[in-house]
Amino acid sequence: MKRTLLAAGVALAVVLTATARAGDVTVSFLDVGQGDAILIRSPEGKTALVDTGPSNGIMNLLRKKGVESIDLVVVSHHHADHINGMAAVIEKYKPKFYADSNSSHTSTAYQRLLEAVDRAGCKLVEPKKDSERKIQLGSVLLRLFPQPGEDKKNENNNSIGIRLDYDEFSVLLTGDSEQVERAWWFEHAEASLYRHVTIMKAAHHGSRNGTDEGWLKATRPKLVVVSCGEGNSYGHPHKNTLNLLQRLDVPVKRTDVDGTITIESDGKTWKVHVSHLGEHKGKEKGGSEAVRPTMNTKLPSAVDSISVGYVASKNSQVFHKAGCKSAAKILAKNLVQYNSRDEAVQAGKKPCAECGP
């Protein structure tokens, strides 16, 4: 399957109902069994979902979390334990944006996913090859790592890396990346992408090839989260990884032990909540068999710039498109959002001369 993907920075400004108190970002590592699914909500209620785990059980978890809309979905890589629930998510929530690497790895599950993307009319976002790509999720910044050349032998090394920044709080998500991809990031990515993070998801479900001492010393996380299934056949998380984390005095939370793990932060402080929402504790196997595509499904070419909604500062009479460079400078505490241009005008705001909203 050949895809031509090209995208620039993305700003999301669709107003949703926030579930945390004003000023908090929440990151939930959903207990989907042996797989990954991370739900991100900005203080303004903007919502992103990174992976969905191995089944449609993700739908029940999203319902229990009160999710009504999703602005952005991300496929970290194309293995079944990360994407098997994504088609159902896209069919129901019809997110405006879909992020994917340009990996050629395919499967029947991935084909179903592409069909859902096509029907929903999602706009495509792709990591850059030589620098980070920034996605503004309300007042939360998502920074996509540059993407190395495709590893056709190991799909794990085609994982998308993401750093979430909200003031002094940060979260690092790197899919199932193994040593080869992390070594490439060390050499080619800005160190600010991976150094000194608050929370880190252990890559590859706590496998020995997903975390090493050099990576931990560079990232220096205050907490590591392992997403894996109870009694999984891979032995995740591996003892090597747990011993390393213990030796470096890094606390660990695990979905197979703690259930869904939610971190809530006001940008300065953070706290952890754990809950068992009747999640599927499946011992199913992950991975995804590569198969020949069953149909010629293609993703749409991504637009060069995307702007949805309008924003302004409480301290200014000017309003902007959400993707305007000036809008990115507005402090979170001063940010005002509008569903439409008319709403901004009725509030007495004048259009920005630069972006022409």
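Let me start with Trp 184, which lies in helix α5. Helices here are DSSP runs of H or I with at least four residues, strands are runs of E with at least two, and both are numbered from the N terminus. A word on the source: this is a predicted model, where local features need pLDDT of at least 70 and side-chain atom pairs count only at pLDDT 80 or more, while totals for chains, interfaces and linings use all residues. Residues are numbered from 1 along each chain as its sequence is written, and side-chain values use heavy atoms, with hydrogens and water left out.

Back to Trp 184. Its relative accessible area is 22%, so Trp 184 is partly exposed. The scale is this: buried is under 20% relative accessible area, exposed is over 50%, and partly exposed is in between, with a 1.4 Å probe and protein chains only. What does Trp 184 contact, leaving aside neighbours within four places in sequence? The partners are Lys 129, Pro 146, Gln 147, Pro 148 and Ala 189. Contact means heavy atoms within 4.5 Å. Gly 149 is 35 residues from Trp 184 in sequence, yet the two C-alpha atoms are 9.6 Å apart.

Stay in helix α5 for Glu 181. Glu 181 is buried and has no salt bridge. A salt bridge needs a side-chain nitrogen of Lys or Arg within 4 Å of a carboxyl oxygen of Asp or Glu. The nearest side chain of opposite charge is Arg 182, 7.6 Å away. For charge, Lys and Arg count as positive, Asp and Glu as negative, and His and the chain ends are not counted. Beyond four places in sequence, Glu 181 touches Gln 147, Pro 148, Asn 156, Asn 157, Asn 158 and Ser 159.

Now the aromatics. How many aromatic pairs does a search of the whole structure find? Five. One of them is Tyr 194 with Trp 215: the ring centres are 5.6 Å apart and the planes sit at 35 degrees, so the pair is tilted. Tyr 194 is in the loop between α5 and β12, Trp 215 is in helix α6, and 21 residues separate them. The rule takes rings of Phe, Tyr and Trp, using the six-membered ring of Trp, with centres within 6.5 Å; planes under 30 degrees apart are stacked, over 60 edge-to-face, and the rest tilted. Tyr 194 is buried at 3% relative accessible area. Trp 215 is buried too, at 1%. Ring pairs join Phe 145, Trp 185, Phe 186, Tyr 194 and Trp 215 into a cluster.

Next, strand β2, residues 25-29. Five of its five residues are buried. In a regular strand the side chains alternate between the two faces of the sheet. Here both faces are covered: Val 25, Val 27 and Phe 29 on one side, Thr 26 and Ser 28 on the other. Which strands pair with β2? β15 does, antiparallel, over five bridges. β3 does as well, also antiparallel, over four bridges. Pairing requires at least two DSSP bridges between the strands. Ser 28 shows both sides: its bridge partner in β15 is Thr 262, and in β3 it stands opposite Leu 39.

A second sheet. Four strands form an open, mixed sheet in the order β20-β18-β19-β21. β20 and β21 are at the edges with a single partner strand each, so one side of each has no neighbour in the sheet. β19 and β21 run parallel, over two bridges. Val 318 stands opposite Lys 350 in β21.

Most residues other than glycine have a negative phi, and most peptide bonds are trans. Asp 51 is not a glycine, but its phi is positive, about 70 degrees. Asp 51 is in the loop between β4 and α1, and is buried at 1% relative accessibility. His 204 also has a positive phi, about 55 degrees. His 204 is in the loop between β12 and α6, and counts as buried at 14%. The peptide bond between His 236 and Pro 237 is cis, with omega about -5 degrees. Pro 237 lies in the loop between β13 and α7.

Last, the whole chain. There are nine helices and 21 strands. Of the 357 residues, 57% count as buried. Among contacts with a separation of 6 or more, 69% are between residues 24 or more positions apart.
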